Amino acid sequence: MQEKRDEIIVCRNCGKEFTFTVGEQNFYEEKGLKPPVRCKECKAKRKEQQTEQSNNIVQVKSAEEKKNDFEEMLERFRANTILFEEEIERRNKKRK
Ligand SMILES: [Zn+2]
């Protein structure tokens, strides 16, 4: 079996060299993962961006709620329209 050594990997994102240690190599191998292509900084940034993306999903949800609010408003508006039409009908009957 080939002895493992710390590897130097060039970050795909920022071009910085970083060390892929033997311990990390073992960890990645255990998990069945491919060697990293980004340094820890860029990985952290990527994670941040992904968190932002999931925050956007929350915002989409609140937009959905706004839509529900709008539909509720529309429903109330329809109810008012019916009342208005009934009122007109009542007035027309009085004239007769
Ligand atoms: Zn990087």
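**Reading the hairpin and the helices**

Trainee: Which residue takes a positive phi in the hairpin of β1 and β2, and how many residues lie between the strands?

Mentor: In that hairpin, six residues lie between the strands, and Gly15 is the one with a positive phi, near 80 degrees. This is a predicted model, in which local features need pLDDT of at least 70 and side-chain atom pairs count only at pLDDT 80 or more, while totals for chains, interfaces and linings use all residues. Residues are numbered from 1 along each chain as its sequence is written.

Trainee: What makes β1 and β2 a pair of strands?

Mentor: Strands (E, at least two residues) and helices (H or I, at least four) are DSSP runs numbered from the N terminus, and two strands pair if DSSP finds at least two bridges between them. Strand β1 (residues 7–10) and strand β2 (residues 17–20) have four bridges and run in the antiparallel sense, so they pair. Within this pairing, Ile8 stands opposite Thr19 in β2.

Trainee: How do you know which residues Lys4 touches?

Mentor: Two residues are in contact if their C-beta atoms, placed from the backbone, lie within 7 Å. Lys4, in the segment before β1, touches Val22 and Gln25, leaving aside residues up to four places away in sequence. The C-alpha atoms of Lys4 and Val22, 18 residues apart along the chain, are separated by 6.0 Å, whereas those of Lys67 and Glu41, 26 residues apart, are separated by 39 Å.

Trainee: What makes helix α1 count as hardly covered?

Mentor: Among the 10 residues of helix α1 (residues 22–31), the count of buried residues is zero. Gly32, which follows α1, has a positive phi near 70 degrees. Across the protein chain, buried residues make up 1% of the 96 residues.

Trainee: Why is the protein chain described as more spread out than a compact globule?

Mentor: The elements of the protein chain run β-β-α-α from the N terminus on. Its radius of gyration, taken over C-alpha atoms, is set against a globule rule of 2.2 Å times the number of residues to the power 0.38. The value is 31 Å, well over the 12 Å that the rule gives for 96 residues, so the protein chain is more spread out than a compact globule. Along its principal axes, the C-alpha trace spans about 105 × 25 × 15 Å.

Note on methods
A residue is buried if 20 or more other C-beta atoms lie within 10 Å of its own, exposed if 12 or fewer, and partly exposed in between; C-beta atoms are placed from the backbone.
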